[in-house]
Amino acid sequence: METHSVAEITAYVFLDLAVIMVIARLMGRLAVKVGQPAVIGEIVAGILLGPTLLGALPGDLDTALFPPDVRPFLNVLAQLGLVLFMFLVGLEVDLSFIRGRERIAVSVSVASIVLPFALGVLLATYLHSSHDVFTADDDTTSAISFVGFALFMGVAMSITAFPVLARILAERQMHRIPTGVLALACAAVDDVLAWALLAVVVAVVAAGSFSGVLLILLWSAVFALVMFLVVRPLLKLLVGRYERFGQLTPEMLALVLIGILGSAWVTEEIGIHFIFGAFVFGVVMPRQGAGALNHEIIDRLEQVSVLLLLPVFFVVTGLNVDIGAIDLTGAGELALILLVAISGKFVGAFAAARAQKVPRRQATALGVLMNTRGLTELVILNLGRENGVLDDTMFTLMVVMAIVTTVMTSPLLNVVYPRRILDRDIAAAERAAMGLTEAYTVVVVVDDPVRDAGLVDLACDLVGRETPAQVVLTRVVRRSRPKPEVASGLGADLELMATVAGELRTLARRVEERGIRASVASRFSEDPWVEVTDLAGSSEADVVVVRDGWGVTEAQGGAPWPASLTGSVVVVSGEVGEAGLQPRGPVAVVQDGGADGRAALRLAAHAALGRSVPLQLRTGEARRGLRRGLADSLRRAGVTVEAEGQALPSLLVAPAGTGTVPAADDLTPILLVHAGAADSDRDMDETLAGISARPGTA
């Protein structure tokens with residue numbers, strides 16, 4: 001075997017890293033284009049750079065590109081990437097998901113671990129003789145070999161990859177419906193149980209004796225107690241420090257990294273592998289009030305881990321995977337492994353969910369989701385290989401199983417939960433969560449909770465005397481950074497959204513003081529108008545109030561709102577202070593008799609009724625007859641109508657596309673509002689009927 005100097009090895013490492021990054025990014029993008037998580041493409045890239053593809057080409061290209069004496073250096077980088085990944089896995093585990101769902105989450109998780117674990121152990125009794133890595137003939141060694149093999153097979157069949165599952169749910173918006181939240185809860189419990197079980201298995205394999213196992217487990221328990229009772233309270237100080245500085249400082253990040261590496265070292269010394277230390281450190285990181293902090297930590301660590309270190313881990317894994325070497329016997333064993341892995345997880349989760357009265361479709365979706373194994377499975381398989389439990393052939397077969405069970409999740413979910421049913425369930429869940437009823441609904445898009453307090457008062461005015469009525473306050477927080485690629489970031493997103501919802505509830509009290517029902521909704525989005533459109537549709541909004549210029553994108557060609565938005569769109573182009581509209585003058589409306597004009601008339605009449613002020617009609621010279629007829633009809637509907645110019649209006653409602661208003665109005669404290677035609681097929685008589693004053697709460 002050719003050996004290389006230190007300088008040559010260094011050069012090889014740099015070259016290998018560059019090649020790995022290029023292939024990983026290309027395959028990651030390809031995976032996303034076909035509807036798979038980017039990490040699946042990167043895993044496949046690692047396999048292709050090994051014997052499976054490069055090694056099958058003339059010239060042993062895998063050995064030429066990754067010489068044997070260079071691989072240990074790549075392995076160190078891979079292990080560092082693995083440590084950071086396990087920290088992110090721990091950081092993603094948030095048992096608050098199970099609140100209110102403890103019984104069903106625990107029962108589904110336990111069933112989806114126990115059944116596949118038992119089936120995995122049963123399968124191991126058949127496969128062990130063909131894949132025994134020990135050559136010793138004594139019974140003790142053979143027994144230890146079988147126990148280790150069986151336990152690892154059981155755990156490998158039982159795992160669910162929480163980060164990948166959370167990413168799939170977030171991309172499909174399923175975390176907004178009960179089924180998605182339940183899947184997150186089950187996966188969170190599954191993660192904790194499976195990693196605890198794996199720690200015991202590693203202790204059994206590493207110790208080799210009963211007394212050794214007890215000693216390792218004892219020290220592991222001490223480590224866990226110190227982390228939860230001592231380290232966790234100290235880490236909460238990070239939240240206060242982050243809030244004071246307003247950003248993640250290098251010292252804070254250094255402290256987190258020191259904690260990750262130190263915890264990894266301790267568990268390696270204990271004998272349960274370094275990944276458990278990193279995982280536990282992620283679990284004990286603060287959650288309450290730490291959404292922004294955790295977001296920044298994920299961002300910083302993923303920049304190094306995802307771009308550089310984890311792809312190296314995939315290649316180190318791929319160098320030990322040779323799919324081309326699978327013969328007919330191996331193909332039969334792979335079929336058995338897939339059968340046990342898929343059926344064990346699915347049947348366990350489905351049966352437990354049905355026993356808890358979960359509807360069939362939702363229970364089926366749970367069974368599909370719990371089969372997601374992803375990168376987490378590779379971690380376990382590498383652990384088994386390092387501990388001498390899995391031979392190269394079994395390692396290859398199990399890696400293929402991990403990829404297949406992850407790739408199949410999204411397509412099967414599309415079949416089990418079609419988009420039309422998902423959209424229906426999201427709308428129903430949203431209405432239930434906000435307590436919405438069949439009522440006249442005004443949605444207010446809040447950008448700044450302080451500055452937009454006046455918009456809330458305007459929304460209440462626009463309710464008029466409609467009854468029942470409700471005002472929905474929503475704030476869409478734009479993403480200032482890309483979504484994480486490996487971690488889902490969902491837990492931190494939800495925590496931040498809870499903070500935003502708290503700010504909105506302060507404004508909601510202003511609505512309730514007017515005797516109107518109030519609801520709040522908060523979201524993360526890269527395209528805010530999409531969220532507003534969805535909310536308007538699910539809440540069956542009659543009116544959407546938004547400040548001029550909010551959410552305008554080049555993709556919309558400068559249009560102030562998307563055409564798909566339902567309800568009259570009120571674009572506030574003047575200033576409304578925190579105290580609302582001042583002074584309390586009449587409401588003026590520009591009326592042209594068209595669909596937009598009818599919508600504007602209805603909004604203006606509601607505002608006049610809501611503010612208990614007169615309504616001024618403005619029309620062009622050619623429409624004076626229309627104005628006289630409208631005035632009489634409006635008075636019969638209970639609206640006070642006064643002549644134009646009798647008093648300065650405080651609010652002007654104009655149909656979209658009206659253009660500029662008379663110059664004299666520039667000196668008037670008015671607010672220009674564009675009203676989109678919500679009911680273009682409603683004639684004037686129906687519009688007037690809708691304006692008719694009725695006893696209400698406003």
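Start with a pair of helices: H1 passes H2 in a right-handed crossing, where right-handed means that the near helix is turned clockwise from the far one by less than a right angle, and left-handed means anticlockwise. Keep in mind that this is a predicted model, where local features need pLDDT of at least 70, side-chain atom pairs count only at pLDDT 80 or more, and totals for chains, interfaces and linings use all residues. Residues are numbered from 1 along each chain as its sequence is written, and side-chain values use heavy atoms, with hydrogens and water left out.

**The whole chain**

- The protein chain has 25 helices and 10 strands; these are DSSP runs numbered from the N terminus, with helices (H or I) of at least four residues and strands (E) of at least two.
- Of the 698 residues in the chain, 55% are buried, and buried means under 20% relative accessible area, with exposed over 50% and partly exposed in between (1.4 Å probe, protein chains only).
- Take the contacts (heavy atoms within 4.5 Å) with a separation of 6 or more: 81% of them join residues 24 or more positions apart.

**Helix pairs**

- Two packed helices are described by the angle between their axes and the distance between the axes.
- Axes here are lines fitted to C-alpha atoms, for helices over the stretch in contact, and angles run from 0 to 180 degrees between N-to-C directions.
- Helix H1 (residues 6-33) packs against helix H2 (residues 38-48) at about 135°, with the axes 7 Å apart.
- H1 and H2 are therefore oblique to each other; angles under 35 degrees count as roughly parallel, over 145 as roughly antiparallel, 65 to 115 as roughly perpendicular and the rest as oblique.
- On the H1 side, the residues that meet H2 include Ile-23, Met-27 and Val-32, and their partners in H2 include Val-44 and Leu-48.
- The H1 and H2 contact has nine nonpolar, two polar and two charged residues, where Ala, Val, Leu, Ile, Met, Phe, Trp, Tyr, Cys and Pro count as nonpolar, Asp, Glu, Lys and Arg as charged, and the others, Gly among them, as polar.
- Helix H7 (residues 162-171) and helix H8 (residues 178-207) cross at roughly 175°, and their axes come within 10 Å.
- That makes H7 and H8 roughly antiparallel.
- Phe-162, Leu-165, Ala-166 and Leu-169 of H7 meet residues of H8, including Ala-183, Leu-184 and Asp-191.
- Helix H11 (residues 250-270) and helix H13 (residues 291-318) cross at roughly 70°, with axes that come within 11 Å, so they are roughly perpendicular.

**Residues to look up**

- Thr-376 sits in helix H16 (residues 374-386) and is buried, with a relative accessible area of 1%.
- Leaving aside neighbours within four places in sequence, Thr-376 touches Phe-85, Ile-159, Ala-161, Pro-163 and Trp-195.
- Leu-151 belongs to helix H6 (residues 139-158).
- Not counting residues up to four places away in sequence, Leu-151 touches Phe-117, Val-201 and Val-204.
- Leu-151 and Val-201 are 50 residues apart along the chain, yet their C-alpha atoms are separated by 6.3 Å.

**A mostly covered helix**

- In helix H22 (residues 528-538), eight of the 11 residues are buried, among them Trp-529, Val-532 and Leu-535.
- Just after H22, Glu-540 takes a positive phi of about 55°.
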